[in-house]
Amino acid sequence: MSRLNDLRFRAATGFQRRVGNPVLRRLPLQTVLETTGRVSGLPRHTPVGGRRVGDSFWLVSEFGERSQYVRNIKADQRVRVRIRGRWHTGTAHLLPDDDPVARLRSLPRVNSAGVRVLGTGLLTVRVDLAD
């Protein structure tokens, strides 16, 4: 990873951890991904941007496999997603062969712009919703 990408990663994740995530995950209409902590076993809530298409929810991880929630998914694919204030259970799938830049074009523009600007090593994630 280049020095600039590493700096971008540290700045973005530091801000998200201390300011962005604690505020956003409390907003009732913010989409939130719940994973199980791979070490602690505790629920972990991450505000995400994405879109529901049928029985699937699509998102793009801005830091790919460096994202903590992606690491949690690799350990346990069972997740929940809060969409418009309602929780849905599902199974997450990491899709390294999907084109994340093309996928971003089909997702909400505000989140897509942030992911494009800050992101390094983009990774598409699909959650197959059970309910």
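**Core, sheet and packing**

Q: What makes the 15 residues a nonpolar core, and which of them touch the most other members?
A: This is a predicted model. A nonpolar core needs buried residues such as Val, Leu, Ile and Phe, joined through side-chain atoms within 4.5 Å. The largest such set here has 15 residues, and Leu 33, Phe 57, Ile 73, Val 81 and Val 127 touch the most other members.

Q: Which elements each supply at least two residues of this core?
A: Those are β4 (56-61), α2 (68-75), β5 (78-83) and β7 (123-129). The top contributor is β7, with four residues.

Q: Which residues does Ile 73 touch, not counting residues up to four places away in sequence?
A: Contact means heavy atoms within 4.5 Å, and Ile 73 has such contacts with Leu 33, Thr 35, Val 79, Ala 92, Leu 94 and Val 125.

Q: What other core lies apart from it?
A: There's another one, of five residues, including Trp 58, Val 60, Leu 104 and Leu 107.

Q: What is the strand order in the open sheet?
A: Going across, you get β2-β1-β5-β6-β7-β4-β3, seven strands with antiparallel pairing.

Q: Why do β2 and β3 stand at the edges?
A: β2 (43-47) and β3 (51-53) each have a single partner strand, so each is left with one side that has no neighbour in the sheet. From one strand to the next, the twist averages 35°.

Q: How do you know that β6 and β7 pair?
A: Pairing takes at least two bridges between the strands. Strand β6 (residues 86-95) is joined to β7 by six bridges, so the pair qualifies, and the two run antiparallel. Within β6 and β7, Gly 90 stands opposite Leu 129.

Q: What does α2 touch as it packs on the sheet?
A: α2 touches β1 (32-36), β2, β4, β5, β6 and β7, and its direction makes about 50° with that of β1.

Q: What pattern does the protein chain follow along the sequence?
A: It reads α-β-β-β-β-α-β-β-α-α-β, with four helices and seven strands.

Q: Among contacts between residues at least 6 apart in sequence, what percentage join residues at least 24 apart?
A: That's 67% of those contacts in the protein chain.

Note on methods. Residues numbered from 1 in each chain as written. Predicted model: local features only at pLDDT ≥ 70, side-chain atom pairs only at ≥ 80, totals over all residues. Heavy atoms only, no water. Buried < 20%, exposed > 50% of the residue type's maximum accessible area, 1.4 Å probe, protein only. Axes fitted to C-alpha atoms, helices over the stretch in contact; angles between N-to-C directions.
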